[in-house]
Amino acid sequence: VQLQASGGGLVQAGGSLTLSCAASGRTISRYHMGWFRQAPGKEREFVAAISWSGWSDTRTYYADSVKGRFTISRDNAKNMVYLQMNSLKPEDTAVYYCAAESVTNPLVRVKIESGGYDYWGQGTQVTVSS
């Protein structure tokens, strides 16, 4: 599966952005999906993840630093994953990556470790000015 992240840009602190991740090559309905970010000089870190909906309720997970401000969602019909980011802070500045993990069961633990994902997009830059 190929992933293409978009929607990044320059925004003032307190503003909002919505990132999109378009998948191609295979339907992502049976994938756990995640967003990660990497700031200059720092390691890639987990931002948010959403489970394969399958036959169970969709589960979402967030890093503490973004909880209450960011919302991850998916539209399996469009093969898309989104990250709505509100109340942005300068410390949210980073390159944001979407990732996909192929699973056979929607109850498989959703990974917050970058190593748990099989496919990655190219990243989109988000810059938040103070």
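Ser87 counts as partly exposed, at 41% relative accessibility. Buried here means under 20% relative accessible area, exposed means over 50%, and partly exposed lies in between (1.4 Å probe, protein chains only). Ser87 is found in the loop between β8 and β9. Its phi is near 50°, a positive value in a residue other than glycine. The model is predicted: local features need pLDDT of at least 70, side-chain atom pairs count only at pLDDT 80 or more, and totals for chains, interfaces and linings use all residues. Residues are numbered from 1 along each chain as its sequence is written, and side-chain values use heavy atoms, with hydrogens and water left out.

A positive phi also occurs at Asn79, where the value is near 60° in a residue other than glycine. Asn79 sits in the loop between β7 (70-75) and β8 (80-85). With a relative accessible area of 13%, Asn79 is buried.

Cys98 lies in strand β9, which spans residues 94-102. Cys98 is buried, and its relative accessible area is 0%. Contacts were counted where heavy atoms come within 4.5 Å. Leaving aside residues up to four places away in sequence, Cys98 touches Leu3, Ala5, Cys21, Gly34, Trp35, Tyr119, Trp120 and Gly121. Met33 is 65 residues from Cys98 along the chain. The C-alpha atoms of this pair are separated by 7.3 Å.

The protein as a whole has zero helices and 11 strands. Helices (H or I, at least four residues) and strands (E, at least two) are DSSP runs, numbered from the N terminus. The pattern along the sequence is β-β-β-β-β-β-β-β-β-β-β. Among contacts with a separation of 6 or more, 61% join residues 24 or more positions apart.

The radius of gyration is 14 Å, which agrees with the value near 14 Å that a compact globule of 130 residues would have. That radius is taken over C-alpha atoms, and the globule rule is 2.2 Å times the number of residues to the power 0.38. Along the principal axes, the C-alpha atoms fill a box of roughly 45 × 25 × 25 Å.

Of the 130 residues, 46% are buried. The accessible surface comes to about 6400 Å² (Shrake-Rupley method, 1.4 Å probe; for residues, only the protein chains shown count as cover). Carbon and sulfur atoms account for 48% of that surface. Side chains include 13 positive and 10 negative ones. Lys and Arg count as positive and Asp and Glu as negative, while His and the chain ends are not counted. The centres of the two sets lie 3 Å apart, with each charge placed at NZ of Lys, CZ of Arg, CG of Asp or CD of Glu.
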